[in-house]
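Please have the model open while you read this note.

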Amino acid sequence: MRALTYDRYGPPSVVRISEVAKPEVGAGDVLVRVHASGVHTGDWRVRAAAFPGVLAIPGRLMFGILKPRNQRLGTEFAGVVEAVGEGASRFEGGDRVYGFFGQGGASADYLAISEAAAIAPLPDALSFEEGAALPFGGLAALVFLTQFGKLQASHDALIVGASGGVGVYAIQIAKALSAQVTGVAGPDSQELMHQLGADACVDYKATDIMRLDARFDLILDAAGALSPRDALALLRPGGTFLPLNMGLRDVGAALLNRFRDKTVKLAVNEDTAEDLATLNGLIEQGKLKPVIDSTYPLERAAEAHARVESRHKKGAVVLIH
């Protein structure tokens with residue numbers, strides 16, 4: 001079968017399609033015929049060893065010091081269950097599913113994944129491409145806002161990088177929680193943020209967000225654009241700053257949390273079937289929809305990686321298998 005691979009860290013050109021053995025379905029697993037897979041910021045960072053800030057050394061230790069330990073790419077997927085392993089009971093052959101395969105290797109014709117992993121039924125209203133566009137950004141936005149940020153209906157939330165792969169879902173989920181949302185993105189993304197439900201839309205090229213009169217209960221920085229000092233200045237007492245791309249300054253600021261009434265919280269979300277089920281509920285209620293920037297055939301995966309690395313995409317980049 002075809003699979004997206006790379007044998008060294010580097011630019012998008014290191015990505016290639018290789019022929020690999022079709023996986024066998026083990027006990028408790030399901031075998032998925034993949035129809036679409038996503039390419040997101042995490043895929044770019046793993047492919048290029050471009051781990052942000054304090055994650056540079058741990059990233060190399062985890063994924064390979066000199067070259068990638070796992071040469072398979074892709075974590076988001078959507079497809080159809082082709083076979084079910086012994087003891088597996090959540091799914092049947094023919095079921096449409098989508099999910100997140102954190103160990104890498106989802107950009108392939110077939111994927112064997114534990115039924116206990118982050119895999120869920122694909123809502124009838126979604127295409128395979130839309131399903132593959134959802135897990136990375138949707139799960140990150142959901143967990144950061146609800147579990148780490150404790151976002152409430154009475155809160156004012158600031159989403160920085162609101163048109164990116166996480167931000168487009170953060171706006172929708174924050175609005176589903178009845179919070180007031182201010183989105184920050186470039187001039188070409190103002191209409192998109194408005195369509196997704198943002199109460200206020202800020203063009204960072206035209207407006208210095210440090211001059212905003214508003215103060216916020218929660219700031220989610222999905223773009224790595226705010227220093228902790230600036231974020232704290234924009235927070236109300238009791239507020240929380242959540243940087244997705246943590247650096248040394250964020251670590252230093254978090255260590256001083258006990259000395260102030262505002263919190264810098266550093267966290268990494270897990271990916272679970274339960275949280276996918278929550279996303280499905282929001283989709284069924286009409287409160288959440290996938291946002292796709294662009295699609296590419298699997299053969300043009302290097303172009304998809306280049307699009308993600310440009311950091312100018314709006315929503316998700318998807319590969320069609």
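The points below cover a predicted model.

1. **The open sheet.** Six strands make up an open sheet: 6 strands in the order β10-β9-β8-β11-β12-β13, with parallel pairing. Its edges are β10 (200-203) and β13 (263-264), and each of these pairs on one side only. Strands of a sheet pair through backbone hydrogen bonds, either parallel or antiparallel.

2. Look at β8 (residues 156-160) beside β11 (residues 216-221). The two strands are parallel and share 4 bridges.

3. **An antiparallel pair.** Strand β3 (residues 29-39) runs antiparallel to β6, and 5 bridges join them. Is β6 mostly covered or mostly open? Strand β6 (residues 110-114) is mostly covered, with 4 of its 5 residues buried.

4. **Charges over Y110.** Which charged side chains sit over the ring of Y110? K22 lies over the ring face, 4.1 Å from the centre. R33 also places its charged end over the ring of Y110, at 5.4 Å from the centre.

5. **An edge-to-face pair.** The ring centres of F144 and F148 are 5.0 Å apart. Their planes stand at 85 degrees, so this pair is edge-to-face. Both residues belong to helix α4, 4 residues apart, or about one turn of the helix. F144 and F148 are both buried.

6. **The cavity.** How many cavities of 30 Å³ or more does the whole structure hold? The search finds 1. The largest cavity has about 50 Å³ of space. Its lining is made up of V39, H40, E76, A133, F136, G137, G165, K313, G315, A316 and V317. Helix α4 (135-148) and strand β15 (316-320) each supply at least two lining residues. By type, the lining divides into 5 nonpolar, 4 polar and 2 charged residues. Rolling a probe the size of a water molecule over the atoms shows where empty space is left.

7. **Positive phi at S178.** Check the backbone at S178. Its phi is near 70 degrees, a positive value in a residue other than glycine. S178 is found in the loop between α5 (167-176) and β9 (180-185). Its relative accessibility is 47%, so S178 counts as partly exposed.

8. **Positive phi at R311.** R311 also has a positive phi, near 65 degrees, and is a residue other than glycine. R311 sits in the loop between α10 (301-309) and β15. Is R311 buried, partly exposed or exposed? At 44% relative accessibility, R311 counts as partly exposed.

Methods. Residues are numbered from 1 along each chain as its sequence is written. This is a predicted model: local features need pLDDT of at least 70, side-chain atom pairs count only at pLDDT 80 or more; totals for chains, interfaces and linings use all residues. Side-chain values use heavy atoms; hydrogens and water are left out. On a 1 Å grid over the protein atoms alone, a cavity is a set of points where a 1.4 Å probe fits but cannot get out, and a pocket is an open set with protein on both sides within 12 Å along at least five of seven lines; lining residues have an atom within 4 Å of a point. Grid points are joined across faces, edges and corners, and a volume is the space filled by probe spheres set on the points. Ala, Val, Leu, Ile, Met, Phe, Trp, Tyr, Cys and Pro count as nonpolar, Asp, Glu, Lys and Arg as charged, and the others, Gly among them, as polar. Buried means under 20% relative accessible area, exposed over 50%, partly exposed in between (1.4 Å probe, protein chains only). Two strands pair if DSSP finds at least two bridges between them. Rings of Phe, Tyr and Trp (its six-membered ring) pair if their centres lie within 6.5 Å; planes under 30 degrees apart count as stacked, over 60 as edge-to-face and the rest as tilted. A charge sits over a ring if NZ of Lys or CZ of Arg is within 6 Å of the ring centre and within 35 degrees of the ring normal.
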